[in-house]
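Subject: Structure handover

Hello,

Here is the structure I promised to pass on. Please open it alongside this email.

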Amino acid sequence: MSAKSTAEAPFVAKTKVGRVTDFVDSRVGGSPILREFGRKVFPDHWSFMFGEVALYSFIILLLSGTFLTFFFDPSMAETHYQGSYTPLYNVEMSVAYSSSLNISFDIRGGLFMRQVHHWAALLFVASLGVHMLRVFFTGAFRRPREMNWVVGGVLLILAMAAGFTGYSLPDDLLSGNGLRIIDGVIKSIPVIGTYTSFFLFGGEFPGTAIIGRLYVLHILLVPALILLMIVIHLFMVVIHKHTQYPGPGRNDGNVVGYPLGPVYAAKAGGFFFIVFGVIAIMAAAFTINPIWNYGPYDPSPVSAGTQPDWYIGFVDGALRLMPGVVNGFHFEYVIFGYTLTLNVLLPALVPAGIIFTVLFMYPWIERWITKDDREHHVLDRPRNAPTRTAIGVAGFTWYCVMWAAAGSDLIATHFHVSLNDVTYWLRALFFLGPVIAFVVTKRVALALQRKDREIALHGRETGRIVRLPHGEFIEVHAPLDEYKRYKLVGFESPSVLPAVPNEHGIVTRKEKRRAALSKWFFEDRVAPATPAELEAAHGHAHHEAIETAEQKSLSH
Amino acid sequence: MKALSQKRRHPLAAIALLLMGLLVTGGLYAVATTVNQAKAQTTDYSASDVEEGGKLFAANCATCHGMGASGTKDGPSLVGVGAAAVDFQVGTGRMPMQMNGPQAYEKPRQFNEEQTKQLSAYVASLGPGPSIPEEHLLDEKGNAAEGGELFRVNCAMCHNAAAAGGALTRGKFAPALADVSGKHIYEAMATGPQNMPVFNDTNISPEGKRDIITYLKQIEANGSPGGADLGAIGPVAEGLFVWVAGLGVIIAFTIWLTSRTS
């Protein structure tokens, strides 16, 4: 047998491409990897594609950013603008700003590329955010994906850092004001603040070093870290396999979908060009960051409508919401001749700190409360995890209140309301908004679960009214088909786990806290309809309509 | 000199010195600020303009501003506000005011050119104040770059860097400046209507005002080089656009791409 196979003539491909591929494969042995990778199965759902949007936006950022580096000069040396934009002609400015204006007005395709870069940056962070919301609300962060959730969080922070360093580079008035706020926030940190600021800016703000330093961070360090994190992220996606929504035939041991090759490879390749196309249309038709309006940076003026890009907006909003004095209580102290200014320190660092701490820790918090250490590859529908969904919406609402506060002046002018009133309302919502959002979301989720249960047990309302011989009117309910019913009943519903003693027979204080949280999470859960209940409901389906009609008339 | 030095310890010497100092300072200040002195404008207006204006004023303005424009609790005195103030407020429709509020809104004007001139003539006759700017200051042929710098330092904090307007406290606001005539921009700077500060001729010279108008008209004529300007109100509009339009279109595509299998 073996003698026979060695005697066979070596395989020779028929086409030229085949021979080249075979040449490469016989030397690097890529085909098993490719075969394995090409057979990876991905489930299909529109909400699974935001990570892809982020990845493609990042590729577009690399491409357009490389173009911009050819023409951008990060020098803060003074010059007089000699380009073709007359409203700034001969105005004294930095070389960085002058070269940004040249990219916009004197380099062919430069303004388009700048706008591609900036729109792609906004879309990059936005799609990252939506991707994380999807992962959170479907419970995709549970074991084994906790680490990947953290990597995703790091990517979000890095994306914000990349965005902010880029926003500051043109050295126009808007970006300089943004840097001034960052400088103020850094200086508000006790003890080390001033030293850190001087270290960062190479002396007193603004100095002549910061643009060059931010440039290195923006084009070297931060993108390299993002790329590293993306590689780790995708590597883990391959190891963990993709999650899937619940459905018939889907469980924690399989993945139902299409293989990467050829369906997904084609779809993903096409989708890249769709994302590129959408960004290109935005860049071609809509202005972004019109640096020529803002003028060169000068520490004295701040123009109306000065805001950061959207992803830093929530920090700016928190700063805007912070009162200087409340009922005579000041937030600024002088201790031993050093100023401690809490009205900058608190809003700038505390909300962002809380949001990111909770975000990073959430998988472990939920794991501790539920004692659930199993692997999950089937996602939760958000309504089937009411408390988690409510926590998520509460956090998102809190973020949105701060986000809205960053545009408080524009809300005031565009809706013809008082700026002060906008601020007062948002201050109230800063505290009340998350609570209201939590309660409303949880109730809505529970109500949807009850509706699902009702439909699973008694079928769908058809709208067909039938009159019975004795004169009563009833509505006919149509039973669901099995596939639809599976979606309504096939989910896990964790119940309250009471405190249990440890190996020494002691119920620890920590365990009591966990039990209390477990009760808070699951005490009002709606259990999915059991097979017995379904059986009972369908067993006397012929009375059922009458019974429910009677119950309704009794309860009213 | 000897007489003077002998009297230097006189009890009234200190007071005399103080008086002299005040006189010199005041006198010098008066001389130095004549450039900014309001001039009663009578040259362009005939006596009949003033007379007709007086009648219009009594019928339309006196309810709030009082007979003789001396002011009531509902409206300030207009003695000394000058023709420029009247031309701006009436010419942009802000006066007569529709209702009391944080700020008078621009609206279709109630008086025609002739009547506005008559009202201006009447108010100008009451006391000296800023006059309507001369034509050569409104020719839009100043230095746009200089005007841009003046605009960014003096105006952009309320009116926005692209003159798209901005919010002030308690329902007040700085309006957008597109479609505002050069004359009205000049008059607004000279008289400080609503909540705007006065930029008098020592603060921003007439030439500077001409530059600012040149700049504003030039950026208005240039339009937005990068495509639709999304209101020129800065990153908030851009963020809203990427979330609503950008992500919206992308989501539509994702749904289309996955519609066959799910």
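My notes on it follow, from the domains of chain B to the backbone of chain A.

Please keep in mind that this is a predicted model.

**Domains of chain B**

The area buried between domain 1 and domain 2 of chain B is about 1,200 Å². Carbon and sulfur atoms give 54% of that area.

The rule finds one salt bridge across it. Lys183(B) forms a salt bridge with Asp87(B), and their closest N and O atoms are 3.0 Å apart.

**Chain B against chain A**

Next, the contact between the chains. Chain B puts in 52 residues and chain A puts in 64. About 4,700 Å² is buried between chain B and chain A, with carbon and sulfur atoms giving 71%. Which residues of chain B lose the most area to chain A? They are Arg152(B), Trp243(B) and Leu257(B), and together they account for 14% of what that side buries.

The count of salt bridges between chain B and chain A is zero. Polar contacts are present: the rule finds 14 residue pairs, both residues at pLDDT 80 or more.

Five elements of chain B give two or more residues to the side that touches chain A:

- helix H7 (144-154)
- helix H8 (156-159)
- strand E1 (166-167)
- helix H10 (206-222)
- helix H11 (235-258)

H11(B) supplies the largest share of that side, 18 residues. By residue class, the side of chain B that touches chain A divides into 31 nonpolar, 16 polar and five charged.

**A hairpin in chain A**

Strand E9 (residues 460-467) and strand E10 (residues 473-478) of chain A run antiparallel and are joined by five bridges. One bridge partner pair is Arg460(A) and Ala478(A), the latter in E10(A). E9(A) and E10(A) form a hairpin with five residues between them. Gly471(A) sits in the turn and has a positive phi of about 105 degrees.

**Backbone points in chain A**

Most residues other than glycine have a negative phi, and most peptide bonds are trans.

- The peptide bond from Arg143(A) to Pro144(A) is cis, with omega near 10 degrees. Pro144(A) is in the loop between helix H6 (110-137) and helix H7 (146-168) of chain A.
- Phe205(A) and Pro206(A) are joined by a cis peptide bond, with omega about -5 degrees. Pro206(A) lies in the loop between helix H9 (193-201) and helix H10 (210-240) of chain A.
- Asn90(A) is a residue other than glycine with a positive phi, near 65 degrees. Asn90(A) is in the loop between strand E2 (78-80) and strand E3 (92-94) of chain A.

Best wishes

Terms used. Residues numbered from 1 in each chain as written. Chains lettered and ligands numbered in written order. Predicted model: local features only at pLDDT ≥ 70, side-chain atom pairs only at ≥ 80, totals over all residues. Heavy atoms only, no water. Buried area = accessible area lost by both parts, 1.4 Å probe. Salt bridge = Lys/Arg side-chain N within 4 Å of Asp/Glu carboxyl O. Contact = heavy atoms within 4.5 Å. Polar contact = N/O pair within 3.5 Å; in protein donor to acceptor, adjacent residues only side chain to side chain. Helix = DSSP H or I, 4+ residues; strand = E, 2+ residues; numbered from the N terminus. Nonpolar A, V, L, I, M, F, W, Y, C, P; charged D, E, K, R; others polar. Pairing = 2+ DSSP bridges.
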